[in-house]
Amino acid sequence: AQEPLVLGVKCLDDGACAAAGGAPSSGPILRYVRLLSRCPMCFAVVYTLAIVIVVLAFWRTIVLEEDLASFVRADGQALRYKDAADGAVEVQAEMNALSLGGGRRLAGATEWMSRRLTIVYAAKHNVSVLDSRCLREARDFEARLRALPGWAAACQGPPDAVLPRWRCDPGESFLAYAWPAQDPPDVAGERFRLHFSGNGTEPLPLPAVFAYFRELREAGEQRGELSNYFPSEDGANASETSEGPKLLRSTFTFPIAYGDEGEPLATLRAKQRVASAEYDVFVLQQVYPLLVAAAAELRYVEVFFDGSAIDSHEVTLAMQMDIMWALGSILYVTAYMGLHVRSVPFMIGGFFVIFASVPLAYVFTPAAKTTFASLMSLFLITVIDIDIIFIFNDFWSQSAHLGEADQRLAWTLRKAGKSCMATSLTTSLSFFANLLSCLQPLREFGLFMGLCVTNVYILALFILPPLILFSERRQRRRAQSKVGEAPPPPTEPAALQMAAGSTAPGALGAPAHLPPPAG
């Protein structure tokens, strides 16, 4: 069917125009478009500034949810009881480990906090971790850790510290007892005293080590429990005569003082953030590279580690790697959009519409922490809503029969707006349906993605029309400049013009300057 021609024809009413495929001659959309046509980029800048102001006004620091168990967190009284019990167990374990009476304060009224680093050694080659080669390699590795420039400073703590220094240097490590140093005797009759620092030159026989742990347990000391050093079930009853466990654990607890009692709460929190940041810098710049390099250097044991600052750092690295992989798809979309749209301002505006929807959805989502699934929205929204850009561009191309730019844009806004509203509404509702789930992370993801889809549609209605007008005018100016720079059409030489059109009477086709033939 041939499309009706409405160029230069005004419809009697908006319904007739719609039936004929034209644009209405009046109405709020057309009035808005005419106002928009006065300065398209002014509207685009105002809309962009409004988005930036809203995001900055409601922005909050992004806190990632690093607990993978939170992805299966569901509603219900049983889960709340479980969370309360887990919290109580963690507090009690920390109190027992630090041998404190329940406070997080050093003697002398010094405010403090603790940071922990846990290293697990797994024996290679199907041998016991108590094998002499495994023990020596792990002991040398911990010696390298404790020799780091920032290790001694992190273990120092204030002079009135209640937390024992040995929990950090040499740490709660089986290797410190297996390689004790010999100190001079304190009383007469002693040959030497053993200092369980892990700095000895020769290992202590394993039967003697386990005998010492047995004495500690009989004395009621927590550090004599073998489960502190052997996390596996076979390690709970480890002895020198058993086949031997496969795993060995070392724990290092750093006391970090950051203020004094009596200081304002705001001051204490600021000092705590500074002290925590300094510790994170020490771990990420000195400890973490050595832990990562151990995977390739050690021959007899594998190293697994966990601790403060490391978890969030590895999550950040994983997200950065995912973003790098996603750049390939974004570059493909960019190349295809450039070939299809053929307008750099419109293409940039389209990507702004897509990516600006994510921070807007973040500030509108009432969640204290951001899950990994919500971070995937940057990739999902590019795949889901990129078609809106093509829909607006295609409707603008199909409106060429309307002639005037105002009529074309009003028709495009009405047609593309209806088409995109149908797809955006159904997609956002499908995400919002997850709000009925009993899983908390799924509800957060559904709300976040639903807001992203809705934001893309609203931003497209405001940002894309002025960019369409700007791009159209830009292309017209370029076309006019090319026409003005084109050379004039070539003219025929004067002799050819005279030969073609100036002949003497009586001489058909003869040049005018030639004499007539003799009679």
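1. The axes of helix α14 (residues 387-398) and helix α15 (residues 405-432) come within 8 Å and cross at roughly 145°, and the crossing is right-handed. The contact, meaning heavy atoms within 4.5 Å, involves Ile388, Ile391, Phe392, Phe395, Trp396, Ser397 and Gln398 on the α14 side, while α15 contributes residues including Arg408, Leu409, Trp411, Leu413 and Lys415. By class, the residues of this contact are 11 nonpolar, five polar and two charged. Axes here are lines fitted to C-alpha atoms, for helices over the stretch in contact, with angles from 0 to 180 degrees between N-to-C directions.

2. The model is predicted, so local features need pLDDT of at least 70 and side-chain atom pairs count only at pLDDT 80 or more, whereas totals for chains, interfaces and linings use all residues. Residues are numbered from 1 along each chain as its sequence is written, and side-chain values use heavy atoms, with hydrogens and water left out.

3. For the protein chain as a whole, the secondary structure comes to 17 helices and seven strands, taken as DSSP runs (helices H or I, at least four residues; strands E, at least two). Of the 519 residues, 39% are buried, that is, under 20% relative accessible area with a 1.4 Å probe and protein chains only. Among contacts with a separation of 6 or more, 70% are between residues 24 or more positions apart.

4. One cavity of 30 Å³ or more is counted, where a cavity is a set of points on a 1 Å grid at which a 1.4 Å probe fits but cannot get out. The largest cavity holds about 70 Å³ of space, and its lining (residues with an atom within 4 Å of a point) includes Arg60, Tyr362, Lys369, Ser374, Glu444 and Phe448. That lining has three nonpolar, four polar and three charged residues.

5. The second largest pocket, a pocket being an open set with protein on both sides within 12 Å along at least five of seven lines, has a volume of about 320 Å³. Of its 15 lining residues, Trp59, Ile62, Val358, Ser374 and Leu375 are the closest to its centre, and α10 (310-341), α11 (344-364), α12 (372-375) and α13 (377-385) each give two or more residues to the lining. The lining residues divide into 12 nonpolar, three polar and no charged.

6. Arg193 lies in strand β5 (residues 193-195) and counts as partly exposed because its relative accessibility is 36%, the class between 20% and 50%. Arg193 and Gln182 are 11 residues apart in sequence and 5.6 Å apart in space, C-alpha to C-alpha.

Methods
Points joined across faces, edges and corners; volume = space filled by probe spheres on them. Nonpolar A, V, L, I, M, F, W, Y, C, P; charged D, E, K, R; others polar. Left-handed = near helix turned anticlockwise from the far one by under 90°.
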